[in-house]
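Have the structure open as you read.

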Amino acid sequence: MPQHHAHPFLSKADPIRWSTLRPEAVEPDIRKALQDAGTAVDRIAAQSPPFTYDNTVAALDEALEPLERAWGLVGHLDAVCNSPELRKAYNAMLPEVSRFFSGIPLNEALWSSLKAFGESDAVHDLSPARRRHVVGTLADFRAQ
């Protein structure tokens with residue numbers, strides 16, 4: 001009998017356990033990932049100074065990573081082994097995922113925290129890669 005894992009799309013198993021990624025897990029897993037990401041984004045947006053790389057830009061990346069990974073797995077499965085059940089689950093979650101990601105750059109409080117750090121002198125002390133990451137993150141918000 002196959003072993004079932006709670007939230008297989010949220011598993012960090014490496015290699016990916018493709019056999020556990022079933023259509024019926026898409027909605028509960030993506031809903032959980034959306035909820036967790038939303039809670040983390042709200043926490044970043046609500047924090048008070050001092051703002052640092054770790055509590056702004058890196059925290060945002062960390063907040064979004066499980067959702068991005070899980071949704072990427074859903075998209076991959078949809079592309080390579082589509083089924084009516086998977087298509088239904090994908091289509092059910094697509095509007096919610098799209099709404100969440102499109103709302104990130106519109107979150108004024110989050111933007112305020114990221115901008116406060118991004119425009120601080122502390123950015124000059126970061127490695128070149130992290131500085132570029134901060135600049136790119138701020139540019140993504142400004143482009144919206």
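## Salt bridges and packing

Lys32 and Asp36 sit four residues apart in helix H1, so about one helical turn separates them. Their side chains meet in a salt bridge, 2.8 Å from N to O; the term asks for a side-chain nitrogen of Lys or Arg within 4 Å of a carboxyl oxygen of Asp or Glu.

A word on ground rules: this is a predicted model, so local features need pLDDT of at least 70 and side-chain atom pairs count only at pLDDT 80 or more, while totals for chains, interfaces and linings use all residues. Residues are numbered from 1 along each chain as its sequence is written, and side-chain values use heavy atoms, with hydrogens and water left out.

The structure holds five salt bridges. Here are some of their partners, with relative accessibility; buried means under 20% relative accessible area, exposed over 50%, and partly exposed in between, using a 1.4 Å probe on protein chains only.

| Residue | Relative accessibility | Class |
|---|---|---|
| Lys32 | 31% | partly exposed |
| Asp36 | 39% | partly exposed |
| Glu96 | 23% | partly exposed |
| Arg31 | 38% | partly exposed |
| Asp78 | 12% | buried |
| Arg87 | 32% | partly exposed |

Asp78 pairs with Arg87 at 3.0 Å, N to O. The side chains of Glu96 and Arg31 form another bridge, at 2.6 Å from N to O. Glu96 lies in helix H3 and Arg31 in helix H1, so this pair ties together parts that are 65 residues apart in sequence.

How do H1 and H3 sit against each other? Their axes come within 8 Å and cross at roughly 10°; axes are lines fitted to C-alpha atoms, for helices over the stretch in contact, and angles run from 0 to 180 degrees between N-to-C directions. H1 and H3 are therefore roughly parallel, a label for angles under 35 degrees. On the H1 side, the residues that meet H3 include Glu27, Ile30, Arg31 and Leu34. Their counterparts in H3 include Met93, Glu96 and Val97. Contact here means heavy atoms within 4.5 Å.

Ile30 also belongs to the largest nonpolar core, which has 41 residues; Phe9, Ile30 and Leu110 touch the most other members. Such a core is a set of buried Ala, Val, Leu, Ile, Met, Phe, Trp, Tyr and Cys residues joined through side-chain atoms within 4.5 Å. Elements giving two or more residues to this core are H1, H2 (57-80), H3 (84-103), H4 (108-118) and H5 (128-142). H2 gives the most, with 11 residues. Leaving aside residues up to four places away in sequence, Ile30 touches Leu67, Ala70, Trp71, Val74, Met93 and Val97.

Then there's Asp29, also in H1 (residues 23-46). (Lys and Arg count as positive and Asp and Glu as negative; His and the chain ends are not counted.) Beyond residues up to four places away in sequence, Asp29 touches His7, Pro8, Phe9 and Leu10.

Zooming out, the protein chain has five helices and zero strands; helices are DSSP runs (H or I) of at least four residues, strands (E) of at least two, numbered from the N terminus. Buried residues make up 38% of its 144 residues.

Notes:
Angles under 35 degrees count as roughly parallel, over 145 as roughly antiparallel, 65 to 115 as roughly perpendicular and the rest as oblique.
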